[in-house]
Structures are given as C-alpha cells and as structure tokens.
Amino acid sequence: MSIAEITRTDTPAPEGTHRSVFEWVDTIADLTRPDRIVWCNGSQSEWDGLVNDMVKAGTLTKLNAEHRPYSFLARSDPNDVARVEARTFICSEKEDDAGPTNHWVAPDEMRATLHPLFEGSMQGRTMYVVPFSMGPIGSPLAKIGVQVTDSAYVAASMGVMTRMGAKALARIGDKTEWVRAIHSVGAPLSPGERDVPWPSNDTKYITHFPETREIWSYGSAYGGNALLAKKSFALRIASVIARDEGWLAEHMLIIKVTNPRGRVFHVAAAFPSACGKTNLAMLQSTVPGWKVETIGDDIAWLGRGEDGRLRAINPEAGFFGVAPGTGWQSNPTAMETIWGNTIFTNVALRDDGDVWWEGMSEKAPSHLIDWEGNDWTPASGRPAAHPNSRFTVAARQCPTISDDWEDPQGVVIDAIIFGGRRATNVPLVVEARDWEHGVYLGATISSERTAAAEGTLGELRRDPFAMMPFVGYNMADHWAHWLKVGAELRKTGSVPRIFQVNWFRKGADGSFLWPGFGENSRVIEWMLERVDGQVPAQESPIGLLPQKGSLNVDGLDISDEVLTELFAIDPESWRAEADDTEKFFATFGDRLPTPVANQLAVLRKNLA
Ligand code: OXD
Ligand code: MN
C-alpha cells in the first residue's frame, strides 16, 4: 500500500502555537512540498495511529503480544543501518571552530548542496511536525526543539525518546530559543507510486549549523542520523549552546548510587560507543548494601546549580539501546525494561513471533527470520540480528529508574568517570589528582584498534571525552571549556572528583583480567568511598591508585598476581603513549589549552 492510500486526517497546529514555528514550518513545506502536514500532539492515540499506519505499510511487524505486548519490529534498508560519521558535518562559519576532528563545510556551500536535495523531497509523503523538550518540561536545564520529518518511524520513535508533543510546543514563546531540525528520508513518491517499507536514499547528509542552531538531515531514517533530538541536538548543537552559556552537554550516563550507610551519590560517566554504557547505567551491584539506580544511559547535560554545585539531567526520555549482547546474564534490567511497548529495529524474528539477537540467550533458536527478512539457522554462518540492531523504549519502563531521574533542578554530581576499552597500560581505576588532571584523562580517552576496525593493530584510536563524533565545535576548545567550568565550580568549593576506569585490560595470554559487568560495582564502591573519605589512595606516575587491600575483592576469584597486573604501570609503554598523545595534541595547534599540555609534561616528569 502506498502512504497516499492510508487515510490520515491532517491535524492542525494547536491553538496558541507561536508564529515563529508556523512560519518556519511553512518555509520548510514550501521547499519540501509534502502532501500533508501533521502536527504531533504526543497523545497515545496519535502514537497508536502512527504505528497502525506503519504496520499497514509494512514498515513495522507487530510482535506476538503474548510474548512482547504492544511491540514492533522494523527492518531497515540494508544500506541504512548505523550512524554515518563520514557524512556528518559541522558547518560553522569558521573552519577552525569545527576543529580537526570534525568534517567541516562552509555553511553557504552546504546550504547550496542541500537545497536541491530537499526541494520536493517530501512529495507524496506526510510531513510530521514533532515538537519536543530535551529534559523535563519546564526544567531550567531543559531546551526545546522542533523536528519536521517525512518518516512516521522517526515521529513515533521521537515520541519514545523525548517528551514530545503539545506541552513542548506550548513552551515556545517570544523569547524562546528553539532548535530547528529538518529531516527527510529523501525518497519522494510520484502519484500512484508504491512505497517501500523503509524509504531512504543512498546519498546522506547529517549537517549541523551551530551558529543558527539548525540541523538538516537527509537520506537516512536510522537512529542518530534521523532521531535528531539525540546526537545531533543533545550533543552536537547542545555542546555549542553549552559552551556559549557556561554548561556542558556530554556523552555520559548518569546513575544514582546509595551506600550501605544510606549516603546517596550521583555519578556521570563517559565511555566511547560500544563500551557497555547501558550495562553500567543499569548495573546490579554485587557488593552487599550498595544500590545502583538509573537516571540516563547516553547523554547528560551538566551545569552549575544555584547552590554552586554541578548538577545534571538526562535530556532524553527513552533508551535507544544496542540489542546484541543484551541478555539475562549481561543486563537483566534492560531485559526487564523491554518486556513490551518497545520498537525493535534490525533484530531477528522468532517463529513464535518474539524477537531474538546474539547474546540474548546462550543458545540460538533453531530457526529465525534474520534482520534482512531471510530464513536463518545456527548453521547460516552470519549473525541473525544486525550488530547495531536496537531497542527503543521509554525510560520509565526501567525497573531501576531512579526516583529523582526527572528532578527539574538536576541531580548533584559527586563523581565523574572517563572510561575506554584498553587492553594495555590503563589500570582498572585511577583517581585524578585534581580537576585539571581529570580533564587530561578525559582528553586522552582511547582504545586500541582491533582487527574489527581499519588501521594498524594496537594503534590508539582517540575518542576524547567519548565525544569524537559528537562535539559540535573545536575539540580543544571543549577541553578549555571544561577547565573553565572547573574553575567556576572551585569558587564554591564543590568540585566533583574525576576517575578513569578500564574494565577491559588483558593479561599476557590475551584474556580479560577483570570480570566486569556486575563486579564493576566494586570499582564504584572504591571511587565513592574515596569521595566519602573512607579509603586511602597511593600516588603513582599516572594518578592515584587504590592502596593494597582497599579495593573490595571479597568473594571474587581473583589472584594477587592478576590484581597486580590490573594496576601495573610500565614506564616504557607509558612513555610511548605520551609520545602518541603529544602527536595527537599537536593536531590542535595553538588551540590546545596550556593546562592540558602541562599535564602531559607532568606525566613525562613522573615517568622519568
Ligand atoms: C550511540 C552511540 O548510538 O554512541 O549511542 O553510538
Ligand atoms: Mn552513545
């Protein structure tokens, strides 16, 4: 069935919609020429209508409600399965403001490229106007955006991932700065043309205009390319707004931790993609008396509260989690979260109408329909679910969601963690000597290249602050901004402690030294006991390490030798790492903040 055959009553803009929104929607409609315009109000009946239309159009398959109530499976076009970093652009006025880690195109040049692509790009389709709030509606830390999209899948997903609808739209008044996000799958339909289940275009552009706070995305309907509230707004554009306004938009999870004495802490943690952020956000502590609750799994907005302390909100309202590797062993909380009301994309379909992916259970079912719609058996020799297949689910369904996850003032952050995936060098945990050293630890987050990625094996892949693909301005300026925020916090004497962790260190035989998953709560315990002044640490050339015996390994089958290996510092390989860091820092020229360069000099001196 073509979309044109589906009956949908156009919904008018709610009364009171601000003129700036009307005028902008008109301009975009004039350019893209959709058949219909639907203003989304965020109601349940509207969501029901969207998913019904998508089931009729073949975009969604309804799962067996006995196993997975009110849940759906989408299969994307095989050429539209992940964020396209090579097609992601920061179009700041000056190239230097995008910096060496971003793809830059001058704004006028990019607008000239995009204009013909968007011209008539929504023909034959519905344009959904999707107003949303990042952060609890009305929170002083929240920001409003409006996305127009010609994808019902995107409109419905935005309804899960954000506070979407009339209440967000009503926040826009004369003085509101709101972010404009334009999205088209780039697949106009001529009259009578049959639609495909997942319209998209092989030409893709994910573009950001930081000065005008605009996002233009073309050609993809997948994840971060298309749900523009997430990486595009809440990280790339928000990081620029944050720089200008004195706060931080970061690729961080947030958790609340309660210790056995009843003291509550909040922790924000940055890890590169695919380092287990969602698992840590939903951690089940193995340490008696310690409780971890979830506030966010991907993005944190942090700013100095009226009390002078660093406070954070999760700007999102849902989880867009990677399915493979999520199972009852690795993340039972996520498994409980997705019991129903979930959209799955590119996972496999079981014969009983439920979903499956690698890592959900140890043994694969004997027959599946794979993510491309083909028959699959364990003998097929290929994954049944795409490695980047996802679940989209409301955060409120998470059984460990914290009671303060929607606190409009944000939660007070006691500790910040930077993590990477390092087989060598980086110990299980290191405490920064001070904020400046912490910024250095963030700036040097990296992982060794593995056989799975291009490049020389063992070479460091840099991902400073886990923001490499997400910072909307010059990365070195981002470090300078962190230093500035720290200096402000210091004025009131309330600076969170900063730590570096590495769950992934390997022994000489190539096996992981640390068990990870729930046992990471032992490391959380050590860090927060440090914050609480309960345990000593010892100086080392790279920062403060747990004193022998202060990391709780009770009941863990781990030898003294392995513990020693987990914290070993080999001066020679650290000197080689310092050389690599120096080369990396040199790419930023004179934008590199002096305190960051000084930290490298201190490291070299300590290693001498
Ligand atoms: C994500 C990512 O999708 O970081 O969250 O890549
Ligand atoms: Mn992420």
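Trainee: Which residue stands opposite T392 in β23?
Mentor: F320 does. Keep in mind that this is a predicted model.

Trainee: How do β17 and β23 pair, and over how many bridges?
Mentor: The pairing of β17 with β23, residues 390–394, is antiparallel and runs over five bridges.

Trainee: What sheet are they in?
Mentor: An open one of five strands, in the order β2-β3-β18-β23-β17. The pairing across that sheet is mixed.

Trainee: Which strands stand at the edges?
Mentor: β2 (60–62) and β17 (318–322). Each has a single partner strand, so one side of each has no neighbour in the sheet.

Trainee: And how much are neighbouring strands turned against each other?
Mentor: By 20° on average, with direction ignored.

Trainee: What holds paired strands together in general?
Mentor: Backbone hydrogen bonds, in either a parallel or an antiparallel arrangement.

Trainee: OK, the other sheet. What is the order of its four strands?
Mentor: β11-β15-β16-β24, an open sheet with antiparallel pairing. Its edges are β11 (248–250) and β24 (411–412); each of these has a single partner strand, so one side of each is left without a neighbour in the sheet.

Trainee: How many bridges join β16 to β24?
Mentor: Two, with β16 covering residues 310–313 and the strands running antiparallel. Within that pairing, R311 is opposite V412 in β24.

Trainee: Which helix lies across β11 and β15?
Mentor: Helix α8, residues 229–245, lies across β11 and β15 (300–304). The angle between α8 and β11 is about 160°. Helix α12, residues 475–491, packs on this sheet as well, and touches β11, β15 and β16. The direction of α12 makes about 125° with that of β11.

Trainee: Switching to the metal. What coordinates the manganese ion, ligand 2?
Mentor: K231 through NZ, H251 through NE2 and D298 through OD, at 2.1 to 2.2 Å. The spacing of those donor residues in sequence is K-x19-H-x46-D.

Trainee: Where in the chain do K231 and D298 sit?
Mentor: K231 is in helix α8, while D298 is in the loop between β14 (291–296) and β15. The two are 67 residues apart, and the pair links distant parts of the chain.

Trainee: Are K231 and D298 buried or exposed?
Mentor: Both are buried. For K231 the relative accessible area is 7%, which is why it is classed as buried.

Trainee: What else does K231 touch?
Mentor: Leaving out residues up to four places away in sequence, K231 touches R83, G224, R236, H251, D298 and F470. K231 and I299 are 68 residues apart in sequence, with a C-alpha to C-alpha distance of 8.6 Å.

Trainee: How is the chain divided into domains?
Mentor: Domain 1 is 3–55 + 86–246, domain 2 is 249–317 + 403–569, and domain 3 is 319–397.

Trainee: What separates the centres of domain 1 and domain 3?
Mentor: 28 Å, taken over C-alpha atoms. The contact takes 10 residues from domain 1 and 11 residues from domain 3.

Trainee: How much area is buried between domain 1 and domain 3?
Mentor: About 840 Å², and carbon and sulfur atoms give 72% of that.

Trainee: Which residues of domain 1 lose the most area to domain 3?
Mentor: Y153, V160 and Y222, together giving 55% of what the domain 1 side buries.

Technical notes
Residues numbered from 1 in each chain as written. Chains lettered and ligands numbered in written order. Predicted model: local features only at pLDDT ≥ 70, side-chain atom pairs only at ≥ 80, totals over all residues. Heavy atoms only, no water. Pairing = 2+ DSSP bridges. Contact = heavy atoms within 4.5 Å. Axes fitted to C-alpha atoms, helices over the stretch in contact; angles between N-to-C directions. Donors = N, O, S within 2.8 Å, 3.2 Å for Na, K, Ca; no water. Buried < 20%, exposed > 50% of the residue type's maximum accessible area, 1.4 Å probe, protein only. Domains from an automatic or database assignment. Buried area = accessible area lost by both parts, 1.4 Å probe.
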